[in-house]
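I opened the notebook to look up charged pairs and their surroundings. My entries follow the structure.

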Amino acid sequence: MITAFVLIKTDATRIPESAQEISELDGISEVYSVTGEWDLIAIARVAKHEDLADVIADKLSKVQSVVSTTTQISFRAYSQHDLDAAFALGFDH
């Protein structure tokens with residue numbers, strides 16, 4: 001499973017509508033409205049890297065009110081369990 005975080009700038013008058021439309025795309029698991037430089041952050045989860053092009057370039061970026069995107073592909077996920085185990089081993093220094 002490939003996970004990517006897509007930072008999205010959208011027409012400010014259509015943030016809720018954009019979020020709803022993006023959340024309905026296949027390959028998008030979650031969409032958050034956020035503060036700061038970006039309006040929305042979407043989480044894409046796909047089987048292989050090539051599928052990101054379908055989800056992001058071919059679908060998400062073509063949502064009418066999307067102005068721009070930046071995509072960050074994750075290397076590794078850390079659960080709270082993993083972090084607790086690392087700190088127990090002394091990696092907190």
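Is lysine 9 buried, partly exposed or exposed? I looked up its relative accessibility and found 28%, so lysine 9 counts as partly exposed. I note here that the model is predicted.

**Entry: salt bridges**

I searched for salt bridges and found three in the structure. I took them one by one.

**Entry: lysine 9 and glutamate 37**

I found the side chains of lysine 9 and glutamate 37 joined in a salt bridge, at 3.7 Å from N to O. Lysine 9 sits in strand S1, residues 2–10, while glutamate 37 sits in the loop between strand S2 (28–33) and strand S3 (40–46), so this pair ties together parts that lie 28 residues apart in sequence. Glutamate 37 has a relative accessible area of 57% and is exposed. The cut-off for exposed is over 50%.

**Entry: arginine 45 and glutamate 30**

Next I looked at arginine 45. Its side chain meets that of glutamate 30 in a salt bridge of 3.3 Å, N to O. I located arginine 45 in strand S3 and glutamate 30 in strand S2, 15 residues apart, so I logged the pair as a link between distant parts of the chain. For accessibility I read 36% for arginine 45, which is partly exposed. Glutamate 30 comes out at 28% and is also partly exposed.

**Entry: aspartate 51 and lysine 48**

I turned to the salt bridge between the side chains of aspartate 51 and lysine 48, with 3.7 Å from N to O. Is aspartate 51 buried or exposed? I read 19% relative accessibility, and aspartate 51 counts as buried. The limit for buried is under 20%, so the 19% of aspartate 51 falls on the buried side. Lysine 48, at 44%, counts as partly exposed.

**Entry: serine 29**

I then looked up serine 29, which lies in strand S2. Its relative accessible area is 39%, and I logged serine 29 as partly exposed.

Which residues does serine 29 touch, leaving out those up to four places away in sequence? I found Ile43 and Arg45. With arginine 45 there is a polar contact, side chain to side chain, at 3.1 Å. The arginine 45 side chain also takes part in the salt bridge with glutamate 30.

Last, I checked serine 29 against threonine 3. The two are 26 residues apart in sequence, and their C-alpha atoms are 9.6 Å apart in space.

Technical notes:
Residues numbered from 1 in each chain as written. Predicted model: local features only at pLDDT ≥ 70, side-chain atom pairs only at ≥ 80, totals over all residues. Heavy atoms only, no water. Salt bridge = Lys/Arg side-chain N within 4 Å of Asp/Glu carboxyl O. Helix = DSSP H or I, 4+ residues; strand = E, 2+ residues; numbered from the N terminus. Buried < 20%, exposed > 50% of the residue type's maximum accessible area, 1.4 Å probe, protein only. Contact = heavy atoms within 4.5 Å. Polar contact = N/O pair within 3.5 Å; in protein donor to acceptor, adjacent residues only side chain to side chain.
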